[in-house]
Amino acid sequence: MHEQFLGRISLSRFLIFFLFTGMAFLAARAQRAPVSADTPWQPPPNLFGGGPIPLYRHEAVLQDGGAYTLGQLIDIAEANNPSTHAAWERARVAAASVGIAKSELYPTVLAAAAGKTFKNAPLLYQSFVLQDIGAFETALTLNYTLVDFGARRDEISAAKAQLLAANLSFNNEHLVLIQQVSAAYYNLLNAIGLREAAEVNLHDAQAVEVAARDRKANGLATLPDVLEAHAATAKADYDLQSALGTEQTAFGDLATIMTATPIKPFKVQELNDIVIPEALDRSVEDAIESAYQTRPDLLADIERVRAADAEVKYARSAYFPKLEFDGSKGWLRAWGQQEKFGGTYGKTYTYDARLSLTWTVFDGFKRESRLAKAKAERAEAEEEVREREDRITDHVWGDYANAVTALHERQAATSLLNASSESYSAAVESYKDGVRNILDVLSAERDLAHARAVDVTARTQVLQTFMNLAFRTGDLLTQHPKGNHP
């Protein structure tokens, strides 16, 4: 009977062992790499625990009503875009790293309590004596580094520089986001303006076609004149449909940057309500110098050089000795009994103190390698600063030139629009009077349509180039207007 009971226990253990082994085998198969390079990997059915795929989508809520200004759009994007939130979390990680580095300046205090009981039989003279002992001990342990030749100070300096770099990178994420929202907004304004111009062009083309049909009905025009006018109307309608599609695409781009859905439409401030700059307020030399002083990405790179300097000093500190103090004070209570004798109980206070000086004599050239690595990283960080300075100079120079060109193009576009409008009006009136033919009218119509598109593009181009220059100099971060949501 006893043997049957043992057999059942052994069989149960075998089944449990087989079950867990099979589960481990299936889990291991789910964690394998793809079997071959020519076959897609098939994920297991319970990839996310058998539930739906987790989504982290966050959607900005926009209100209906008034039109959003650029400042309001930027506010919404900053509050909802994940790039700025991720940069904020990175800055908080860097701040926590500073706290960790500073904690090395303080002593470490540990409170411990331990209890144990054991029975053994030590050899006493010619026989083994059974002993039963139980003990309970509490203690406070203190550890403090007295001297480390600046290692902790250098570690804190590196952490502080990394924190400043993270904060500046956080500002740079805002700068980039403001630029992205502004560019998408101006692109949408341009698309809206071109769509409105296309609507006016279609209306003009329809009016010319009506005039051509009226003249044909009165025997003053031919069928080819009517067909030419109708073709111009069809071309204007095609351009309008294309402009509508471009506007929808631009709207979707702006909504995406703001983490809003393009499915729910919202209004923005129109181009006609925005003051177009007339001139630049500083020289290109001042713009470049301002970029050196305000660009957060450049300042972050400079802080990384300072962090690398501290890391070099920290690597050098490993060559010096370290003086540490360790001590503890506790209380011990124990009970014990030896075979053939009565039990005994005792308690006492315990303490120990130690002052240790450690100096690494040889570590397989680990310190040399760490110092070489720190120096190389420092040199790399400095070269990155130089490279960014060169790029900043080139970008500011190019965007300044683009802004100057856009101002001149804006003036030329205004003159072109005025001249084309006068030419078109004169051509239409002359055609009605029978002085000009339909081809002259259609040519003037095409010139006016082109002038309207050029005028819209020129106005938005001035806004774009001024915004790009402010982005390259870093001024866009401080120029961002705050606005209340409608």
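I begin with a working rule: a residue is called buried when its relative accessible area is under 20%. I keep in mind that this is a predicted model.

**Entry: aspartate 297**

I looked up aspartate 297 and found a relative accessibility of 10%, so this residue counts as buried. Which partner does aspartate 297 have at 2.8 Å, counting the closest N and O atoms? I found arginine 295 there, joined to aspartate 297 by a salt bridge. Arginine 295 is buried because its relative accessible area is 7%.

Next I checked arginine 388, and its side chain also meets that of aspartate 297 in a salt bridge, at 3.0 Å from N to O. Arginine 388 lies in helix H8 and aspartate 297 in helix H7 (residues 296-316), so this pair ties together parts that are 91 residues apart in sequence. I noted that both arginine 388 and aspartate 297 are buried.

**Entry: another link between H7 and H8**

I then looked at aspartate 309, which forms a salt bridge with arginine 378; their closest N and O atoms are 2.6 Å apart. Aspartate 309 is in helix H7 and arginine 378 in helix H8, so the bridge ties parts 69 residues apart in sequence. Are these two buried or partly exposed? Aspartate 309 has 29% relative accessibility and so counts as partly exposed. Arginine 378, with a relative accessible area of 24%, is partly exposed too.

How many salt bridges does a search of the whole structure find? I wrote down 24.

**Entry: a negative patch**

On the surface I found a patch of negative charge, where Glu104, Glu155, Glu311, Glu377, Glu380 and Glu384 gather. Which element gives the largest share of this patch? I traced that share, three residues, to helix H8 (residues 366-432). Glutamate 384 lies in this helix, H8. I read 34% relative accessibility for glutamate 384, so this residue counts as partly exposed.

**Entry: arginine 152**

I moved on to arginine 152, which sits in helix H4 (residues 151-217). Its relative accessibility is 12%, and therefore arginine 152 counts as buried. What does arginine 152 contact, leaving aside neighbours within four places in sequence? I listed Glu104, Leu105, Tyr144, Thr145 and Leu146. One of these contacts, Glu104, I had already met in the negative patch.

Leucine 146 is in strand S4 (residues 131-147). I found a relative accessible area of 39% for leucine 146, which means that this residue is partly exposed. Together with Val147, Phe149, Phe320 and Leu355, Leu146 makes a nonpolar surface patch of about 470 Å².

**Entry: serine 420**

My last stop was serine 420, whose place is in helix H8. Is serine 420 buried or exposed? At 7% relative accessibility, serine 420 counts as buried. Which residues does serine 420 touch, not counting those up to four places away in sequence? I found Asp447, Leu448 and Ala451. For aspartate 447 I also noted the spacing: serine 420 and aspartate 447 are 27 residues apart in sequence, and their C-alpha atoms are 6.3 Å apart in space.

Note on methods. Residues are numbered from 1 along each chain as its sequence is written. This is a predicted model: local features need pLDDT of at least 70, side-chain atom pairs count only at pLDDT 80 or more; totals for chains, interfaces and linings use all residues. Side-chain values use heavy atoms; hydrogens and water are left out. Patches are made of residues with over 30% relative accessible area and no salt bridge: like charges are joined within 9 Å, nonpolar side chains (Val, Leu, Ile, Met, Phe, Trp, Tyr) within 5 Å. Accessible areas come from the Shrake-Rupley method with a 1.4 Å probe; for residues, only the protein chains shown count as cover. A salt bridge is a side-chain nitrogen of Lys or Arg within 4 Å of a carboxyl oxygen of Asp or Glu. Lys and Arg count as positive and Asp and Glu as negative; His and the chain ends are not counted. The place of a charge is taken as NZ of Lys, CZ of Arg, CG of Asp or CD of Glu. Helices (H or I, at least four residues) and strands (E, at least two) are DSSP runs, numbered from the N terminus. Buried means under 20% relative accessible area, exposed over 50%, partly exposed in between (1.4 Å probe, protein chains only). Contact means heavy atoms within 4.5 Å.
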